[in-house]
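Please take the sequence and the model below together, and keep both in view while reading. The paragraphs that follow move from one place in the chain to another.

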Amino acid sequence: MTGDPAAQISFYEAVGGEPTFLALVDRFYAGVAEDPLLRPMYPEEDLTGAKHRLATFLAQYWGGPKTYGAERGHPRLRIRHGVFPVSPTARDAWLGHMRDAVDSLELAPLHRETLWDYLERAAHSLVNTVDGGRAPMAGQTVPDQLS
């Protein structure tokens, strides 16, 4: 099958664009806001900054606007998360809230599984300590820009 590459749409567009990713992030952070393990990792009272960062990161990753890169530079997820104790239990809690958020979108099965596969692999890659352990970069601040 051949086609004009310019006519192909991105995953971002295929799943509904910005409204879909905002709904995902809103549902995810509704769970995080009530989670005693994860909530302390987010210092902002209303989680607005965290929501914006995740929504713009996911949008850019999946072919949407490049807002995240313009605002924050390269994602470098392991470095940015190095200040947080991402243990297996924290990963599993994060995945639980994200699973709920992904399922709430009612995406087509292929889209749902594609999105979930990425999120699950990303979460596993960010584990940086054992349960009860400290973050590798404990006490440091999360950088706004990485060069």
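Pro136 lies in the segment that follows helix α7 (109–125), and since the model is a predicted one, what is said of this residue and of those below is computed from predicted coordinates. With a relative accessibility of 56%, Pro136 counts as exposed, because the cut-off for that class is over 50%. Although Pro136 and Val83 are separated by 53 residues in sequence, their C-alpha atoms are 6.5 Å apart in space. Leaving aside residues up to four places away in sequence, Pro136 touches Gly82 and Asn128.

From there the reader may turn to Arg80, a residue of helix α5 (residues 77–81). Is Arg80 buried or exposed? Its relative accessible area is 3%, and Arg80 is therefore buried, the limit for that class being under 20%. Two polar contacts of the Arg80 side chain can be followed in the model: one, of 3.1 Å, joins it to the side chain of Tyr68, while the other reaches the backbone oxygen of Arg72 at 2.6 Å.

Tyr68 leads on to the aromatic residues. A search of the whole structure finds 10 aromatic pairs, and one of these is formed by Phe57 and Tyr68, whose ring centres are 5.6 Å apart and whose planes stand at 75 degrees, so that the pair is edge-to-face. Phe57 and Tyr68 are both buried. Ring pairs also tie these two into a cluster with Phe11, Tyr61, Trp62 and Tyr118.

Another arginine meets an aromatic ring in another way: the charged end of Arg99 sits over the ring of Trp116, at 4.2 Å from the ring centre.

The last stop is a pair of helices. The axes of helix α2 (residues 18–33) and helix α6 (residues 88–104) come within 8 Å and cross at roughly 145 degrees, and the crossing of α2 and α6 is right-handed. On the side of α2, the contact is made by Leu24, Arg27, Phe28, Gly31 and Val32, whereas α6 contributes Trp94, His97, Met98, Asp100, Ala101, Val102 and Ser104.

Technical notes
Residues numbered from 1 in each chain as written. Predicted model: local features only at pLDDT ≥ 70, side-chain atom pairs only at ≥ 80, totals over all residues. Heavy atoms only, no water. Helix = DSSP H or I, 4+ residues; strand = E, 2+ residues; numbered from the N terminus. Buried < 20%, exposed > 50% of the residue type's maximum accessible area, 1.4 Å probe, protein only. Polar contact = N/O pair within 3.5 Å; in protein donor to acceptor, adjacent residues only side chain to side chain. Phe/Tyr/Trp six-rings, centres within 6.5 Å; stacked < 30°, edge-to-face > 60°. Lys NZ or Arg CZ within 6 Å of the ring centre and 35° of its normal. Axes fitted to C-alpha atoms, helices over the stretch in contact; angles between N-to-C directions. Left-handed = near helix turned anticlockwise from the far one by under 90°. Contact = heavy atoms within 4.5 Å.
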